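Here is a short report on a protein–DNA model.

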2 protein chains.
Amino acid sequence: MTDRKPSSRKRIADAAREEFTRCGFAGARVARIAGEAGVNKQLIFYYFGSKAGLYEAVCASIVDAVDTYTPPAATAGPATEQLKAAVARLYTSLSERPELVSLLYDSGRGPSASRSARRIMTQLARDLEEVVSRGQGLGYFRDDADPELAAQQVVVLCAGYLGLDRERTQDPTNPAMHERWPTAVAELLARGLAW
Amino acid sequence: MTDRKPSSRKRIADAAREEFTRCGFAGARVARIAGEAGVNKQLIFYYFGSKAGLYEAVCASIVDAVDTYTPPAATAGPATEQLKAAVARLYTSLSERPELVSLLYDSGRGPSASRSARRIMTQLARDLEEVVSRGQGLGYFRDDADPELAAQQVVVLCAGYLGLDRERTQDPTNPAMHERWPTAVAELLARGLAW
DNA sequence: GTCTATATTTGGATAGAC
DNA sequence: GTCTATCCAAATATAGAC
């Protein structure tokens, strides 16, 4: 609050995250990042050494953010409601943080992106997995279902959908789909997990 | 058979498809494509004018291939079996043609990739959509289900999974997942569509 | 820490011979 | 149609002043 303007380093990191998200590692331009951050290009090399170094720093901070992210306490009520809420949480998180989706689907194309992608995937699935397990324990869901698999299916359904061209998934002329998707995902899984 | 060696033009196009698939548009290198095709770099410009022109030609040929692709006649038997077979077909197609997945998730980053991605998506969903509709008509599936939505969910589940880092989805130390995934997808959808 | 100026390298593209 | 040689612009990176 007191700092009206973040440090140069932070502004660079923020601008870089956006640029890498939009263009991928190869398509990103250091000059654009500098311009967007309002600093000299050279300052980027001063802080991060190289474009690759900057990319790795960005990946690390993204991973950090999801690692420390604690999902809200479980909603009370029947397991299907909790599942619905968990899917909505995930979908919202991914919508608000396009860098997660981008990193997931850009891995293997940037330096060391694979490892980051793996951790993000695991972390994102965790919340879901717990909800499913708990639902099983309480007898709401089939006990021969695999919670890890179900969680992965949800993550793929959400991230995979949002990873498709934004012009379509967030098409202003058809906002319906963007709204309907998470609901449909929750419904599908609820049926998949029912006895 | 008679041509033991395809034309230069074709070899360039093939090499380009692989390079763009692996590296994306921005990461692809014209020199590497030439090397892989066993031709001079200049020849690429002679045929395709520019890197962007080459990319668009590759996209067009990919779209063409899926457009003319006719899915095998429906398997006889109960709808859930047909669904299972259709999912397996889709998953196999996508595994064998990584360029489809790549194009789907690289759209918006290459010239005119969006349009191609859209057509591919639609085309891939078609087979599935028919199977679901037919299953509904025969009373196997809930008639309040939306076949288009179900088909899209299947495509996202398959393409979204294969789009994740190959080191994971096709991890040799864990080939189990690569094998299990399509089965799990079919099972999930079957439950989702059941009465 | 931040800038100006510049070097270096890479990569897309052209000219022209054969 | 295919090659050799070369150009030019763009992009990463360095040097050094303030």
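The sections below cover the model, the fold, the chain pairing, the DNA surfaces and some local details.

## Basis of the model

This is a predicted model: local features need pLDDT of at least 70, side-chain atom pairs count only at pLDDT 80 or more, and totals for chains, interfaces and linings use all residues. Residues are numbered from 1 along each chain as its sequence is written, while chains are lettered from A and ligands numbered from 1 in the order in which they are written.

## Fold of chain A

Chain A has ten helices and zero strands. Helices here are DSSP runs of H or I with at least four residues, strands are runs of E with at least two, and both are numbered from the N terminus. The order along the sequence is α-α-α-α-α-α-α-α-α-α.

The C-alpha atoms of chain A fill a box of roughly 60 × 40 × 35 Å, taken along the principal axes. Chain A has 195 residues, and 41% of them count as buried. Buried means 20 or more other C-beta atoms within 10 Å of the residue's own; exposed means 12 or fewer; partly exposed is in between, with C-beta atoms placed from the backbone. Among contacts in chain A with a separation of 6 or more, 66% join residues 24 or more positions apart. A contact requires C-beta atoms, placed from the backbone, within 7 Å.

## How the two chains pair

In the interface, 29 residues of chain A are in contact with 29 residues of chain B. On the chain A side, α1 (8-27), α6 (98-106), α7 (113-137), α8 (147-163), α9 (166-169) and α10 (175-193) each supply at least two residues. α8(A) gives the most, with eight residues. By class, this side has 13 nonpolar, nine polar and seven charged residues. Ala, Val, Leu, Ile, Met, Phe, Trp, Tyr, Cys and Pro count as nonpolar; Asp, Glu, Lys and Arg count as charged; the others, Gly among them, count as polar.

A rotation of 180° with 0.0 Å of shift along its axis superposes chain A on chain B, with RMSD 0.1 Å. That is the relation of a two-fold axis. The superposition is by least squares on the C-alpha atoms of residues with pLDDT of at least 70 in both copies. A:Gly160 comes closest to the rotation axis of the residues of chain A, at 2.1 Å (C-alpha). The copies meet through the same surface, because 100% of the interface residues of chain A are also interface residues in chain B.

Two packed helices are described by the angle between their axes and the distance between the axes. Axes are lines fitted to C-alpha atoms, for helices over the stretch in contact, and angles run from 0 to 180 degrees between N-to-C directions. The axes of α10(A) and α10(B) (residues 175-193) come within 8 Å and cross at roughly 95°. That makes α10(A) roughly perpendicular to α10(B); the class covers 65 to 115 degrees, with under 35 roughly parallel, over 145 roughly antiparallel and the rest oblique. A:Leu188, A:Arg191 and A:Gly192 make the contact with B:Leu188, B:Arg191 and B:Gly192.

Within chain B, α1(B) (residues 8-27) packs with α3(B) at an angle of about 100°, with their axes 11 Å apart. α1(B) and α3(B) are therefore roughly perpendicular to each other. B:Ser8, B:Arg9 and B:Ile12 in α1(B) meet B:Leu43, B:Ile44 and B:Tyr47 in α3(B). By class, that contact has four nonpolar, one polar and one charged residues.

## DNA surfaces

DNA strand C is surrounded by 14 residues, and the closest are A:Ser8, A:Asn40, B:Val30, B:Ser50 and B:Lys51. Near means a C-beta atom, placed from the backbone, within 6 Å of the strand. α3 (41-48) of chain A, α2 (30-37) of chain B and α3 (41-48) of chain B each supply at least two residues of this surface. Its residues divide into six nonpolar, five polar and three charged.

DNA strand D also has 14 residues around it, and the closest are A:Val30, A:Ser50, A:Lys51, B:Ser8 and B:Asn40. By class, the surface near DNA strand D has six nonpolar, five polar and three charged residues.

## Positive phi

Most residues other than glycine have a negative phi. A:Ser112 has a positive phi, near 65°. A:Ser112 lies in the loop between α6 and α7 of chain A, and is partly exposed, with 13 other C-beta atoms within 10 Å.

In chain B, the phi of B:Ser112 is positive and near 60°. B:Ser112 lies in the loop between α6 (98-106) and α7 (113-137) of chain B. B:Ser112 is partly exposed, with 13 other C-beta atoms within 10 Å.

Methods
Contact = placed C-beta atoms within 7 Å.
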